[in-house]
Amino acid sequence: LKKFGPRKWIPIVMVAWGTVSMCMAAVTNGEGLVATRFFLGLAESGFAPGPVYMISLWYRRCEQAVRIGIFFSAATVAGAFGGLLAFGISQLDNTLGLRAWQWIFILEGIPTIFCALLAMWILPDFPETSNFLSPAERELCIQRLKADVGPATETQFSWPQFWGALKDWKVHAYMSIGLVHSVAFASLGLFVPSITLGFGFDRVTTQIMTAPVYIIACVCTITFAVSSDRFQERGYHAASTTTMGALGYALLIFTRENSVVVRYISLVICTCGVYSTVPLMLSWPSSNLGGHTKKGVAIAAIVSVAQIGGVIGGQVYREVD
């Protein structure tokens with residue numbers, strides 16, 4: 001991203017992801033599915049740290065959490081309507097000779113590629129090379145960022161900064177936080193429909209009832225992000241949201257014999273806490289690390305290790321549970 005610039009790099013990986021997604025519709029054997037899933041993950045890994053890193057290069061530290069929160073809220077809203085969309089796509093089974101699962105990959109890939117072409121036209125690169133700002137605006141943007149980060153203003157690639165990011169114990173602390181939180185995040189994202197189904201709804205009602213959970217979580221996510229930027233503080237906010245998530249999980253256990261309303265509220269509390277933590281967790285290191293290279297390597301390392309939580313999270317809930 002640093003070498004090619006966001007305007008090129010982010011659309012490249014988006015087009016790669018969308019193309020591989022559509023190719024998966026043609027896969028009919030296990031070996032091909034594993035191969036395409038590998039390339040899909042490769043494209044996604046190239047995208048995941050990009051928006052967070054890009055936001056950190058355009059906005060002051062006290063302005064980042066709310067931007068990351070707004071960006072991440074798109075994933076929350078997607079969770080609200082993903083189930084309903086999947087149900088709708090299931091009705092396309094055998095349309096044009098394609099099964100419903102093939103339509104899912106096609107209808108995920110086409111909009112992604114379309115959005116990538118828009119991003120190539122809309123996305124700016126770095127403040128120093130932006131074309132949509134006037135010279136005076138560009139200079140103001142650069143100076144306000146310099147004043148915010150203090151002496152850590154190095155923008156060129158630096159091997160000492162690269163190794164410095166990997167040797168910094170604080171980066172490893174952030175990586176640990178990201179890992180353990182992503183276990184809760186990944187498992188919750190995968191199994192909210194299953195948890196809701198366990199409340200006794202039918203499958204269609206279950207998909208409808210998941211939407212309010214994610215919408216409330218979206219509002220909560222942005223609220224905590226705004227508060228974090230307003231008070232210029234990350235740690236206590238993240239501690240509050242993770243505590244909320246833990247409380248929600250505990251309530252899901254202790255209220256399992258209670259009414260559906262009580263259990264549903266417990267699920268909302270859990271989802272709000274888990275989802276609200278993500279923008280805080282991502283903006284925390286980007287606020288504290290200076291120098292483009294160290295910041296970029298650290299964010300990529302934190303996001304990469306956090307993905308391992310997805311491997312663990314997928315195994316947390318068994319069908320019998």
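This is a predicted model: local features need pLDDT of at least 70, side-chain atom pairs count only at pLDDT 80 or more; totals for chains, interfaces and linings use all residues.

Q: Is the crossing of H8 and H9 left-handed or right-handed?
A: Helix H8 covers residues 169-197 and helix H9 covers residues 203-231. Their axes lie 8 Å apart. The crossing of these two helices is right-handed.

Q: Are H8 and H9 oblique or roughly perpendicular to each other?
A: H8 and H9 pack at an angle of about 125 degrees. Angles of 65 to 115 degrees count as roughly perpendicular and those over 145 as roughly antiparallel. H8 and H9 are therefore oblique.

Q: How many nonpolar, polar and charged residues are in the contact of H8 with H9?
A: On the H8 side, the contact includes Leu 188, Val 192 and Pro 193. On the H9 side, Arg 203, Met 209 and Tyr 214 are among the residues met. By class, the contact has six nonpolar, four polar and one charged.

Q: Which helices do the buried residues of H1 pack against?
A: Helix H1, residues 6-24, reaches 27 Å from its first C-alpha to its last. Its buried residues include Ile 10, Val 13, Met 14, Trp 17 and Met 24. The buried residues of H1 pack against H2 (30-47), H3 (49-58) and H5 (100-122).

Q: Is H1 roughly parallel or roughly antiparallel to H5?
A: The axes of H1 and H5 come within 7 Å and cross at roughly 165 degrees. An angle over 145 degrees counts as roughly antiparallel. H1 is therefore, relative to H5, roughly antiparallel.

Q: Is the crossing in which H1 passes H5 left-handed or right-handed?
A: The contact of H1 with H5 comprises 17 nonpolar, five polar and two charged residues. The crossing of H1 past H5 is left-handed.

Methods. Residues are numbered from 1 along each chain as its sequence is written. Side-chain values use heavy atoms; hydrogens and water are left out. Axes are lines fitted to C-alpha atoms, for helices over the stretch in contact, and angles run from 0 to 180 degrees between N-to-C directions. Helices (H or I, at least four residues) and strands (E, at least two) are DSSP runs, numbered from the N terminus. Angles under 35 degrees count as roughly parallel, over 145 as roughly antiparallel, 65 to 115 as roughly perpendicular and the rest as oblique. A crossing is left-handed if the near helix is turned anticlockwise from the far one by less than a right angle, and right-handed if clockwise. Contact means heavy atoms within 4.5 Å. Ala, Val, Leu, Ile, Met, Phe, Trp, Tyr, Cys and Pro count as nonpolar, Asp, Glu, Lys and Arg as charged, and the others, Gly among them, as polar. The expected span of a helix is 1.5 Å times one less than its number of residues. Buried means under 20% relative accessible area, exposed over 50%, partly exposed in between (1.4 Å probe, protein chains only).
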